Amino acid sequence: MTEIINPSLDLFAEIERLKREQNAVILAHYYQEPDIQDIADVLGDSLALARKAQDTDADVIVLCGVHFMAETAKILNPTKKVVVPDMNAGCSLADSCKPEDLAKLKAENPKHVVVSYVNTTAAVKALSDYCCTSSNATAVVASIPKDKPIIFAPDVNLGRYVQEQTGRDMLLWQGTCVVHETFNEKYVLDLLAKNPRSELIAHPECEPPILRHAHFIGSTKKLLDYTKSSAATVFVVATESGILHAMRKGAPEKTFFEAAPSRDKDPTCGCSTCPYMKLNTLEKVFLCLRDLKPEVVLDEQLRLAALRPIERMVAIG
Ligand code: SF4
């Protein structure tokens, strides 16, 4: 059970103090709640957080995201203590791909190169030739010799999108993200019709009926950059709702709509809110900095097996 924190405590000041005392760095994903984004030393997508985790001089990495991101940080920088606000912050994609099932598919297709999305467990990464994020998935697949067929796991929508971009022979795992698979085409079209000058921008984890209508498709970071550089001033955003905080800060004069009601606006829907990402709270960040737990610990053999595909991911794109 999470400890009850004294409500008079200034958590922002306490976190700053503890960060200095522990020589810690806070790395936060764009899907975290706004307060966590605002106290982060580095705010980024999976690829940026992995690169920062690899380079940091801090003794402690507080990874405010989901478990596979913290595991990736530990794999890349094993001498650091890696802690997470909530150990239960998982991911539907990581859950969909069990290492024993991927091992079986590999054995049935021995000529295939295995590319796994970073949203997987260390055990699945250890079975992979390459990892990728949505930022560099197309570049990673394009870097593989053209005569090699590819197993792409676990996101079927990202896999299909990369397959269309590269024309490669790809066997797609059938995993999905609980957020991106639930956007509704009719809801999105109604929203676009009500805001005639708006543009739909979508993450490639969305299903084809959504991607078909998108003016721009890109990873979380690419969507964010697009909202700053585009001449458009109104956007319907088909990805996790947390990114709207960074979009509004980056282009305060522009208007952003979620492509589905988020959980705080409609508790019966929550289509654009990741239930895993939102397990993390400012209180839990404070507690994990104070107590330096829960800590991500990895078997060294497993870590080494997962390192090579992650290093390839970090180097590409
Ligand atoms: S938004 Fe989707 S892919 Fe990202 S952590 Fe949540 S369930 Fe996983």
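What covers the buried residues of α13? The close-ups below work through that and more, in what is a predicted model.

**Close-up 1. Helix α13 and its cover.** Helix α13 spans residues 243-250. Look along it for the buried residues Ile243, Leu244, His245, Ala246 and Met247. Their cover includes three strands, β9 (199-202), β11 (234-238) and β12 (255-258). Helices α2 (34-39) and α12 (220-229) belong to that cover too.

**Close-up 2. How the chain is divided.** Here you can pick out domain 1 (11-89 + 277-297), domain 2 (93-178 + 301-315) and domain 3 (180-258). Going by C-alpha atoms, the centres of domain 2 and domain 3 sit 26 Å apart.

**Close-up 3. Where domain 2 meets domain 3.** Each partner brings its share to this contact: 13 residues from domain 2 and 13 residues from domain 3. Together they bury about 1,000 Å², with carbon and sulfur atoms giving 49% of that area.

**Close-up 4. What holds the eye at the domain 2–domain 3 contact.** Helix α9 (residues 156-166) gives the most to the domain 2 side, with four residues. That side of domain 2 divides into six nonpolar, five polar and two charged residues.

Methods: Residues are numbered from 1 along each chain as its sequence is written. This is a predicted model: local features need pLDDT of at least 70, side-chain atom pairs count only at pLDDT 80 or more; totals for chains, interfaces and linings use all residues. Side-chain values use heavy atoms; hydrogens and water are left out. Domain bounds come from an automatic or database domain assignment. Contact means heavy atoms within 4.5 Å. Buried area is the accessible area (1.4 Å probe) that two parts lose on being put together, summed over both. Helices (H or I, at least four residues) and strands (E, at least two) are DSSP runs, numbered from the N terminus. Ala, Val, Leu, Ile, Met, Phe, Trp, Tyr, Cys and Pro count as nonpolar, Asp, Glu, Lys and Arg as charged, and the others, Gly among them, as polar. Buried means under 20% relative accessible area, exposed over 50%, partly exposed in between (1.4 Å probe, protein chains only).
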